[in-house]
Amino acid sequence: MDQTQLVEVAAADLPRLVSLFDPDHPNLAFVHAVIDGAIPGRAWAHFHNDAPVSCLVATTAPFCIAGGAMTPAFFTEAKRLLAGHGEVQLVYPPGPGTGAWAKQAGFTAGRRLHFTRTHFGFIAPMPAVPDDYAVVRIDAETFSGLDSPMARSIFGTSAQYAQHTAGFALVKDGQVAADAHGVIGGGLIELGVHTHPDHRRKGLALMALALVSRWGTEQGLRSVITCHADKTPSISMARKLGLTEELSYPIAKAIC
């Protein structure tokens, strides 16, 4: 009988969960960022003989990541623990039956794509910034003026953002037109971007992403972009940035 039971993991014990994730696990930067305290989050794990067998890492954004051995009860437990979380995109290790188990627990199926650079020395191409836009490194003060719900949900506070990530914005007439950030962890920098509705279709998102990716390369970090499999603009930006599709992976979606 499946006796999977997930218990919350104390901050001091979070590094023990790293063993459940291989180096190519999707959204691995988010896992390490929670473990390192770079972004807010919680984690639960199932233990056997005091060793973690499976775990659930939940950020304050929709992204939640599962690692280790999957069972039907794992997905049921995950759904229960994530109650009140809101939108959930649960990344889990694929395997025989896992999709059906997620569905039985009340999730719906989705798929995301993972893009990354193909060699260590890669530097993202930098498009020319229009003369009427200024490039700004995002600090705590700039963060308070961002129109980026995803950045706010990932980092929580301006202090958390300023301390633990690199972000760049393109500003025009005092307004942030586009901003990009990177979630840093495990030698990776996973990129995210948002463009203000008044400034879309001008290539600004690509410029902001390139600034963060190039900064990451200077720090020895490998750039990663993930997106929904049907999100054509994000796929196009990843390719224009010089990243290559590395894998397609399943997610379990729900409003919890």
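Strand β8 is mostly covered, with five of its six residues buried. Buried means under 20% relative accessible area, exposed over 50%, and partly exposed in between, with a 1.4 Å probe and protein chains only. Helices (H or I, at least four residues) and strands (E, at least two) are DSSP runs, numbered from the N terminus.

This is a predicted model, in which local features need pLDDT of at least 70 and side-chain atom pairs count only at pLDDT 80 or more, while totals for chains, interfaces and linings use all residues. Residues are numbered from 1 along each chain as its sequence is written, and side-chain values use heavy atoms, with hydrogens and water left out.

Stay with β8 and look at its partners. Two strands pair if DSSP finds at least two bridges between them. β7 and β8 pair in the antiparallel sense over four bridges. Ala134 stands opposite Val171 in β8. On the other pairing, β8 and β9 are antiparallel over six bridges. There Leu170 faces Ala178 in β9 as its opposite residue. β8 and β9 form a hairpin with two residues between them. Asp173, in the turn, has a positive phi of about 55°. Gly174 also sits in the loop between β8 and β9. Gly174 is exposed, with a relative accessible area of 73%. Its C-alpha atom is separated by 42 Å from that of Tyr92, 82 residues away along the chain.

Strands of a sheet pair through backbone hydrogen bonds, either parallel or antiparallel.

Both senses occur here. β4 (residues 63–68) and β5 (residues 87–91) pair in the parallel sense over three bridges. Ile65 stands opposite Val91 in β5. β6 (residues 108–116) and β12 (residues 244–255) pair in the antiparallel sense over nine bridges. Gly110 has Ile251 as its bridge partner in β12. β6 also pairs with β11, again in the antiparallel sense, over five bridges. His114 stands opposite Thr226 in β11.

Helix α2 (residues 72–81) has the buried residues Ala73, Phe74, Phe75, Glu77, Ala78 and Leu81. An α-helix has 3.6 residues a turn, so residues three or four places apart point the same way. The buried residues of α2 pack against β2 (41–48), β3 (51–59), β4, β5 and α3 (98–104).

Thr195 belongs to strand β10. Thr195 is buried, with a relative accessible area of 12%. Not counting residues up to four places away in sequence, Thr195 touches Ala177, Ala178, Arg200 and Ala205. Contact means heavy atoms within 4.5 Å.

On a 1 Å grid over the protein atoms alone, a cavity is a set of points where a 1.4 Å probe fits but cannot get out, and a pocket is an open set with protein on both sides within 12 Å along at least five of seven lines; lining residues have an atom within 4 Å of a point. Grid points are joined across faces, edges and corners, and a volume is the space filled by probe spheres set on the points.

The largest pocket has a volume of about 1100 Å³. Of the 39 residues that line the largest pocket, Val193, His194, Lys231, Ser234 and Met237 are the closest to its centre. At least two lining residues come from each of β5, α5 (149–155), β9, β10, α7, β11 and α8 (232–240). There is one cavity of 30 Å³ or more. The largest cavity holds about 40 Å³ of space. Its lining is Pro23, Asp24, His25, His114, Leu188, Arg222 and Glu246.

Cys55 is buried, at 0% relative accessible area. For Cys227 the closest cysteine sulfur is also in Cys64, 19 Å away, and this too is too far for a bond. Cys227 is buried, at 3% relative accessible area.

Methods
Disulfide = S-S within 2.5 Å.
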